[in-house]
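Hi,

Here is the structure I promised to pass on. Have a look at it first, and then read my notes below with it open beside you.

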Amino acid sequence: MSEPLLSVENLHVRFATRGGEVHAVRGVSLHLAAGETLGVVGESGSGKSVTAYAITHLLDRAGRIAEGRIRFAGRDITRAGRQELRDLRGAAISMVFQNPRAALNPIRRVGDQIADALRAHRDLGRRAARARALELLEAVRIRDAAARLDAYPHELSGGMCQRVMIAMAIACAPRLLIADEPTTGLDVTTQKTVMELLSALIAERGMAMMLITHDLGLAAQYCRRVAVMEQGRVVEEGPTAALFRAPRHPYTRRLVAASPTRHSTVADLVGEAPAPAAPPPAPRRGEGPLLEVQGLCRSFGRVLAVDGVSFRLAPGESLGLVGESGSGKTTLSRMICRLLDASAGRILFEGEDIGAIPARRFHRAPQRRDIQIVFQDPNDSINPRFTAFQAIAHPLRRLEGLGEGPALRARVEAAAARCGLPLELLDRFPHQLSGGQKARVGIARAIATRPRLLVLDEPTAALDVSVQAVVLKLLDDLRRQDGMAYLFVSHDLNVVRMMCERTIVLRLGRIEEEGPSQAIFAAPRSDYARELLAAIPHFAPDEQEATA
Amino acid sequence: MSASTLRHAAFVLRGNPVTALAAAGALALLLVAVFADWLAPYDPVASNVANALRPPSAAHWAGTDQLGRDILSRLIHAARMDLAIAFAAVSLSFLVGAVVGAVCGYLGGMTDRVVGRVVDVLMAFPLFVLAMALVAALGNHVQNIVIATAFINLPFYIRFARAEVNVRRNLGWVEAARASGEPHLSLVLRFLLPNVLPAMAVQISLNLGWAILNAAGLSFIGLGITPPTPEWGIMVAEGARFITAGHWWLVAFPGLALMLSVLCFNLLGDGLRDILDPRMRT
């Protein structure tokens with residue numbers, strides 16, 4: 001075998017922090033041939049991004065390469081000097097970052113930024129650089145490229161910003177492109193177009209790509225080879241299809257099992273049977289639906305975020321609300337939670353028009369304890385000055401008037417135990433808890449008052465897949481046992497399919513399609529739902545070879 | 001303050017000895033102010049004309065002034081006066097400003113806009129002149145210096161608290177508190193304010209230095225505190241007459257005390273910022 005384009009041997013990276021030295025990468029070896037695509041997958045903290053930063057010498061000042069060798073095209077670049085790095089970055093190795101909007105300079109026109117990248121490496125005049133920038137924008141298939149040349153980043157969508165980043169990355173025809181979570185934070189349909197663009201460009205220009213991602217589906221679809229990282233080590237490496245079909249390392253096996261596929265159930269993700277269901281409790285009043293929304297609208301200034309949405313939710317039912325960013329799903333969920341007022345429409349909870357109570361007064365309404373919410377990011381959903389106990393106790397104190405004492409403690413401990421939160425963690429502050437533990441605290445707080453409707457706003461979007469699997473299982477079991485109704489807001493269609501009996505697809509504030517989840521997934525009626533489904537990078541280790 | 005905060009503070013102080021020094025200086029200043037009665041070797045107001053205008057010596061470390069008073073003793077007592085004014089003024093403007101700012105930041109809308117414009121108008125005045133006018137109008141009392149100093153500091157606290165609360169009001173834990181039935185006022189006072197307190201501590205420390213200067217400045221031009229009360233600004237003002245005659249110690253020591261104390265609080269403020277948010281250190 002000839003010399004690989006990039007070879008990383010026994011790489012160790014250490015960071016000096018206030019808690020002592022952190023050994024972030026512990027002996028990583030990777031090889032990448034010219035024109036090859038390698039996926040580096042792993043959960044947060046696995047050291048995958050740090051490895052990429054070490055290769056491009058972008059580690060921040062606290063980090064250093066402690067050991068190991070990085071060779072690029074036969075040259076040792078482990079200790080490359082400033083001049084050597086200038087030649088290397090952009091011209092030989094370039095990077096595409098997560099969150100393209102933050103990676104672009106907000107006060108410079110994108111055409112100028114691309115020209116800057118070009119002129120850093122080539123002796124080009126202003127006009128020639130501009131002409132070349134236009135060609136590049138056309139190459140990344142931005143519509144109306146000539147006009148976009150003079151646009152500022154804030155005038156472009158997230159997907160377009162990422163295309164601009166890609167144009168900058170390929171500007172000087174590098175031989176290796178490192179893409180660090182290039183589509184995280186983008187909608188699935190945008191993700192699909194960006195990833196297809198990337199792989200087409202790579203094939204066209206014979207570049208090699210290192211795709212760093214937490215999404216096994218993405219790696220499976222776009223990479224020929226995959227390296228799985230855990231705690232700073234590569235635990236398994238091999239051809240994508242074979243590796244995912246028959247993972248050998250226990251960690252890979254766990255990861256593969258926890259990644260939702262087109263057919264998996266919640267029980268599959270964690271390998272445990274669901275808890276037995278309790279019969280749903282009788283409705284308190286009459287036989288009607290628990291929640292009925294009629295013609296709900298909400299505008300912000302002149303923008304109509306939610307535009308005439310109506311649906312019903314039966315007691316104990318689980319309804320999924322899916323849509324891309326800007327579809328109004330979060331606005332809708334906030335209105336139903338009565339944290340936000342509607343511009344028009346009615347919200348009937350057990351037949352009573354709770355939409356008539358202003359959101360700012362709803363904290364005194366008797367229905368407050370019946371409608372609770374689990375928030376998206378567990379990291380900012382607990383008061384930093386509250387212990388887990390205080391966070392869970394808070395709604396009990398306020399909504400049930402429980403004072404300090406054994407009754408309160410018993411209720412908090414019961415809620416924590418139901419959410420699988422070890423009782424010894426109750427005295428900890430949020431920063432002393434892991435992401436999964438914080439998610440459990442958030443759920444325990446929401447179920448503490450035994451609500452009848454639980455609104456879940458992307459409850460697992462910020463979690464690693466293995467944690468997501470456990471949290472989904474927990475939520476599924478809770479619903480079966482308590483007969484709560486769920487309004488499950490998510491952009492992840494696979495998760496909604498597993499968690500919800502019925503699904504509503506939202507687009508631009510309107511309901512695009514509504515029906516039983518299985519039916520929508522098997523045979524979507526609307527074009528939009530079909531497009532959305534097709535865009536999911538399907539992770540199907542058992543089905544067929546990856547298309548890479 | 002939890003154990004980990006202390007550990008982090010120790011880590012930052014080790015890497016940033018200037019902050020440690022500033023903290024020690026500020027602490028020393030506080031101790032001097034509190035124990036002034038025990039520390040001062042002489043009575044700060046007892047004059048002894050026979051012993052006037054003596055340069056620093058073993059008996060009088062900082063020399064004596066035109067009335068033969070011991071300058072060191074006067075400096076020590078002045079520290080108490082100036083710190084008391086500064087602390088009182090800063091606490092007052094912090095209490096009022098933080099609550100007003102936090103309520104505005106939380107409510108938004110009309111209240112926020114009206115208060116915001118009032119603050120803008122206040123800040124458009126030359127603040128020291130405003131303080132002078134206030135003291136002149138209210139009368140030459142120590143408490144009026146405190147009120148004037150607090151008043152001109154107010155806009156900063158309102159703005160700061162407003163901005164800090166505004167970025168937090170839509171965070172998950174604030175919405176969670178609303179979903180848990182927390183009334184609005186207690187949400188602002190018991191949830192939001194304690195969380196912006198660390199950031200405001202920086203502002204408080206920086207403002208202390210400024211408040212000291214302000215109090216000294218007012219006395220220097222003859223407003224507020226009246227002689228013979230020992231106060232740094234007055235001491236500088238009185239000593240200035242003798243500087244041409246070569247009696248430098250009358251001005252140099254109070255000036256030095258003023259400069260060092262302001263420096264301590266400013267450096268401490270910068271250091272606090274590092275302790276609270278290491279990312280802001282560049």
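Domain 1 and domain 2 of chain A bury about 1000 Å² between them, and carbon and sulfur atoms account for 52% of that. In case you wonder about the unit, the size of an interface is often given as the accessible area lost when the parts come together. Keep in mind that this is a predicted model, so everything here is computed from predicted coordinates.

Which parts of domain 1 of chain A give two or more residues to the side that touches domain 2 of chain A? They are the helices α8 (188–205) and α11 (250–258) of chain A. The largest share comes from α8(A), with 3 residues.

If you want to find the domains by number, the assignment puts domain 1 of chain A at 6–259 and domain 2 of chain A at 296–535. Their C-alpha centres are 35 Å apart. Where they meet, 9 residues of domain 1 of chain A are in contact with 10 residues of domain 2 of chain A. And what holds for charged pairs there? The count of salt bridges between domain 1 and domain 2 of chain A is 0, but 5 residue pairs are in polar contact, both partners being at pLDDT 80 or more.

Now for the meeting of the two chains. Here 22 residues of chain B are in contact with 25 residues of chain A, and the area buried between chain B and chain A is about 2100 Å². Carbon and sulfur atoms give 54% of that area.

How many salt bridges does the rule find across the interface of chain B and chain A? It finds 2. One to look up is the pair A:Arg334 and B:Glu175, whose side chains meet in a salt bridge at 2.7 Å, N to O. Between chain B and chain A there are also 11 residue pairs in polar contact, again with both at pLDDT 80 or more. On the side of chain B that touches chain A, α1 (3–15), α8 (172–179) and α9 (184–220) of chain B each supply at least two residues. That side of chain B has 10 nonpolar, 8 polar and 4 charged residues.

As for chain B by itself, you will see 11 helices and 0 strands. Its C-alpha atoms fill a box of roughly 75 × 45 × 30 Å along the principal axes.

Last, a word on confidence. The model scores ipTM 0.80 and pTM 0.83. Chain B averages a pLDDT of 85, with 96% of the residues scoring at least 70. For chain A the mean pLDDT is 87, and 96% of its residues reach 70 or more. Go carefully at residues 544–548 of chain A, though, where the pLDDT is below 50. That stretch has 9 contacts in the model beyond near neighbours in sequence. Where pLDDT is low, the predicted coordinates should not be read in detail.

Cheers

How values were computed
Residues are numbered from 1 along each chain as its sequence is written. Chains are lettered from A and ligands numbered from 1 in the order in which they are written. Side-chain values use heavy atoms; hydrogens and water are left out. Domain bounds come from an automatic or database domain assignment. Contact means heavy atoms within 4.5 Å. Buried area is the accessible area (1.4 Å probe) that two parts lose on being put together, summed over both. A salt bridge is a side-chain nitrogen of Lys or Arg within 4 Å of a carboxyl oxygen of Asp or Glu. A polar contact is a pair of N or O atoms within 3.5 Å; within protein, one must be able to donate a hydrogen and the other to accept it, and residues adjacent in sequence count only if both atoms are side-chain atoms. Helices (H or I, at least four residues) and strands (E, at least two) are DSSP runs, numbered from the N terminus. Ala, Val, Leu, Ile, Met, Phe, Trp, Tyr, Cys and Pro count as nonpolar, Asp, Glu, Lys and Arg as charged, and the others, Gly among them, as polar. pLDDT is the predictor's confidence in each residue, from 0 to 100.
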